[in-house]
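Please look through the sequence and the model below before reading on.

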Amino acid sequence: MTDHYPAQSHPQPYTTGAHPYDTAAPPFDGGPSYPPPPPYDPVAHEEPAQPAAHRARARRPVALIAAVALIAAVVGGGTSALVQHFADNGSGSAGSAVNGTTVSRTTAGTVAGVAQAVSPSIVEINATTSAGESTGSGVIITSDGEIITNNHVIAGADTVKVRLDDGTAYTAKVVGTDPDKDLALIKLDGAKGLKAAALGDSGKVKVGDEVVAIGSPEGLTGTVTSGIVSALDRDVTVAKDQAPGQGQGQEQGQQGGGGNWPFEFGGQEFNGDTGSSKTTYKALQTDASLNPGNSGGALINMNGEIIGINSAMYSPSSATGSTAGSVGLGFAIPIDTVKGDLDALRDGGSS
């Protein structure tokens, strides 16, 4: 049977040689020109990727947490530590833990810290004289019981009793006195292993420095008050010797004691008559509360160092005994004066 299909023309067949998609081989004469195929893309054979908007939303919480962490770290001074934490924990989840430290590990530089550190070095002194009994304070400066106090606390004393912060009682003897500086050195009998106070540098004290006062006002052992240094180099005048009936630094008016704490400032007498025998010295002024019985106690800086020996206070009018009280004008002998006088006091002083 004869085929009736029309004759078809066929393109000339390829000869053996380069593949027609080989771009290095030219196309055959008269034949079509084929473009090079695109390179093989393995990603095209994988599952379709998430839409771009979805991916952006997925990354946003991580970026937000890292940004917040960076801001918090800058405020707290720990940028590198927190940034490293989030870099090491790629999840950036809100439940990630951060190691932190407390803001303050100690009480150093606080009133509580100073009181805790220095109170064991502050004592109560009871001096018995023919006029009665006076109560003041003192500062332990050696482990075997040397104590600095005011001369007016122990002036004319027949016996001196000392009570430590823990309640232990001792008898003391007067080693030396310097009435001109209103200083005295006493020594406990048989004491050892006591906590000595650290003596600071009053030459570095500035107006406005925070201070703590510790003593036995009105016989209340270990009383702590605080304030600032309100002035420097005040000329304060006090009595050299205890006048009859004037238990200076006295807890109460006992056996005829008027309880006066006399001193003079600016040509005026305060808290009683200073008497004819008096001395003037340069003092630190403080608004830390001082009351009768604080005499000989410590004025302390916030490093726990003694910068002064409390010695006088102002009270309105001529208030005496239980009517006398602090109005924020107290005075202390600079500790540099004390340190310069120690050798003389140990040799008996200038009494």
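D178 counts as buried, at 4% relative accessibility, where buried means under 20% relative accessible area, exposed means over 50%, and partly exposed covers what lies in between (1.4 Å probe, protein chains only). The side chain of D178 meets that of K181 in a salt bridge, at 3.5 Å from N to O, a salt bridge being a side-chain nitrogen of Lys or Arg within 4 Å of a carboxyl oxygen of Asp or Glu. K181, on its side of the pair, is partly exposed, with a relative accessible area of 32%. The model is a predicted one, so local features need pLDDT of at least 70 and side-chain atom pairs count only at pLDDT 80 or more, while totals for chains, interfaces and linings use all residues. Residues are numbered from 1 along each chain as its sequence is written, and side-chain values use heavy atoms, with hydrogens and water left out.

By the same rule the count of salt bridges comes to six. Side chains of opposite charge can pair when their charged atoms come close. Another of these pairs is D144 with K187, whose closest N and O atoms are 3.9 Å apart. This pair links distant parts of the chain, since D144 lies in the loop between β2 (132-140) and β3 (146-149), K187 belongs to strand β6 (residues 183-188), and 43 residues separate them. Helices (H or I, at least four residues) and strands (E, at least two) are DSSP runs, numbered from the N terminus. D144 is partly exposed, with a relative accessible area of 34%.

A further salt bridge joins D336 to K339, with the closest N and O atoms 3.7 Å apart. Because D336 and K339 are three residues apart in helix α5 (residues 335-346), they are separated by about one helical turn. Both ends of this pair are partly exposed, D336 with a relative accessible area of 31% and K339 with 36%.

Leaving aside neighbours within four places in sequence, D182 is in contact (heavy atoms within 4.5 Å) with residues including T149, N150, V238, Y281 and I333.

The strands named so far take part in a closed barrel of six strands, which runs β1-β2-β3-β6-β5-β4 with antiparallel pairing. Neighbouring strands of this sheet are turned by 40° against each other on average, direction ignored. Strands of a sheet pair through backbone hydrogen bonds, either parallel or antiparallel, and two strands are taken to pair if DSSP finds at least two bridges between them. Strand β1 (residues 122-129) and β2 pair in the antiparallel sense over eight bridges, with N126 standing opposite T135 in β2. Helix α5 lies across β3, β5 and β6, running at about 60° to β6, where axes are lines fitted to C-alpha atoms, for helices over the stretch in contact, and angles run from 0 to 180 degrees between N-to-C directions.

T110 lies in the loop between α2 (79-88) and α3 (111-118) and is partly exposed, with a relative accessible area of 32%. The side chain of T110 reaches the backbone nitrogen of G113 at 2.9 Å.

Taken as a whole, the protein has five helices and 15 strands, and buried residues make up 40% of its 351 residues. Among contacts between residues at least 6 apart in sequence, 66% join residues at least 24 apart.

Terms used: Polar contact = N/O pair within 3.5 Å; in protein donor to acceptor, adjacent residues only side chain to side chain.
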